[in-house]
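Please read the points below alongside the sequence and the coordinates.

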Amino acid sequence: MVAALELYLDTDATRRIRVLWEALESEGVQSMRSLLERRHRPHVSLAVAPRLDPDRVADALAGTTVAAPLRLSFRHAGQFVGRVLWLGPSPTAGLLAHQALVHDRLAAAGIAVAEHYRPGRWVPHCTLSMRVPNALMAAAVRRCLEVLPLEATVVGAAVTDHARDICRPLP
């Protein structure tokens with residue numbers, strides 16, 4: 001497992017993504033709903049690392065509103081290598097600047113994040129499934145397209161490491 005700095009979505013967007021998880025499950029695709037005894041919540045990760053110390057992260061981000069009330073407009077579905085399926089918000093200047101600010105504050109504190117979460121490489125996304133069977137990918141993407149566009153507002157943030165049972169809210 002990995003640790004992450006997660007942005008949480010408003011109630012309506014969260015509900016719609018959970019309904020999508022259910023629809024994917026009905027198609028035979030294991031969604032994020034099935035992970036972690038159903039404690040997983042829809043989110044967009046700003047940073048990921050093998051481990052994140054919540055106290056160090058909180059100190060590094062002191063004075064920063066991590067859960068900035070950003071508006072996210074999910075407009076597309078995508079796939080990463082390994083058959084990871086996700087919904088992507090439009091990468092607005094505000095969202096990219098916020099992620100870069102968070103990254104820079106973490107880097108200044110000596111907190112390393114995964115290379116693909118560095119500014120300029122980061123692809124904002126909300127993961128739906130970690131491994132869609134090839135034969136089911138087309139049906140899974142069709143399900144995703146049924147919920148788009150999806151408008152959301154960031155309403156919370158936390159440092160999480162589910163392998164270590166950590167979920168520390170951030171301002």
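**Notes on the model**

1. Val48 sits in strand β2 (residues 43-49); helices (H or I, at least four residues) and strands (E, at least two) are DSSP runs, numbered from the N terminus. The model is a predicted one, in which local features need pLDDT of at least 70 and side-chain atom pairs count only at pLDDT 80 or more, while totals for chains, interfaces and linings use all residues. Residue numbers start from 1 along each chain as its sequence is written, and side-chain values use heavy atoms, with hydrogens and water left out.

2. Val48 has a relative accessibility of 11% and counts as buried. Buried means under 20% relative accessible area, exposed means over 50%, and partly exposed lies in between (1.4 Å probe, protein chains only). Leaving out residues up to four places away in sequence, Val48 touches Val2, Ala3, Ala4, Val113, Ala114 and Tyr117, where contact means heavy atoms within 4.5 Å. The C-alpha atom of Val48 is 8.9 Å from that of Ala112, although 64 residues separate the two along the chain.

3. Ala114 belongs to the loop between α3 (93-108) and β5. Is Ala114 buried or exposed? Its relative accessible area is 18%, and Ala114 is therefore buried. Apart from neighbours within four places in sequence, Ala114 is in contact with Val48 and Ala49. Between the C-alpha atoms of Ala114 and Val2 the separation is 9.9 Å, for a pair 112 residues apart along the chain.

4. Helix α1 has 16 residues and should span 22 Å at 1.5 Å a residue; the 23 Å between its end C-alpha atoms agrees with this. The expected span is 1.5 Å times one less than the number of residues. At the N-terminal end, Asp10 caps α1, with a side-chain oxygen 3.1 Å from the backbone nitrogen of Asp12. After α1 comes Gly28, which has a positive phi, near 90°.

5. Which residues of α1 are buried? They are Ala13, Thr14, Ile17, Leu20, Trp21, Ala23 and Leu24. The cover over these buried residues includes β1 (3-9), β4 (84-89), β5 (126-129), α4 (137-147) and β6.

6. The largest nonpolar core has 52 residues, of which Leu5, Leu72, Phe74, Leu106, Leu128 and Leu170 touch the most other members. Such a core is a set of buried Ala, Val, Leu, Ile, Met, Phe, Trp, Tyr and Cys residues joined through side-chain atoms within 4.5 Å. In soluble globular proteins, nonpolar side chains tend to be buried together. Setting aside residues up to four places away in sequence, Leu72 touches Leu9, Val44, Pro89, Leu95, Leu150, Glu151, Ala152 and Val154.

7. The model has 11 salt bridges, each defined as a side-chain nitrogen of Lys or Arg within 4 Å of a carboxyl oxygen of Asp or Glu. One of them pairs Arg15 with Asp12, at 2.8 Å from N to O. These two are three residues apart in helix α1 (residues 11-26) and are therefore separated by about one helical turn. Both partners are partly exposed, Arg15 at 46% and Asp12 at 39%.

8. Glu151 and Arg75 form another salt bridge, with their closest N and O atoms 3.0 Å apart. Glu151 lies in strand β6 (residues 150-161) and Arg75 in strand β3 (residues 71-80), so this pair ties together parts 76 residues apart in sequence. Relative accessibility is 33% for Glu151, which counts as partly exposed, and 47% for Arg75, also partly exposed.

9. Arg164 forms a salt bridge with Asp161, the closest N and O atoms being 3.3 Å apart. Arg164 is partly exposed at 34%, whereas Asp161 is buried at 3%. Elsewhere, salt bridges with shared partners join Glu22, Glu25 and Arg33 into one network.

10. How many disulfides does the rule give? The count is zero, a disulfide being a pair of cysteine sulfur atoms within 2.5 Å. The closest cysteine sulfur to that of Cys126 is in Cys144, 9.8 Å away, so the pair is too far apart for a bond. Cys126 is buried, with a relative accessible area of 1%. Cys167 is in no disulfide either, as the nearest cysteine sulfur, that of Cys126, is 15 Å away.

Terms used: A polar contact is a pair of N or O atoms within 3.5 Å; within protein, one must be able to donate a hydrogen and the other to accept it, and residues adjacent in sequence count only if both atoms are side-chain atoms.
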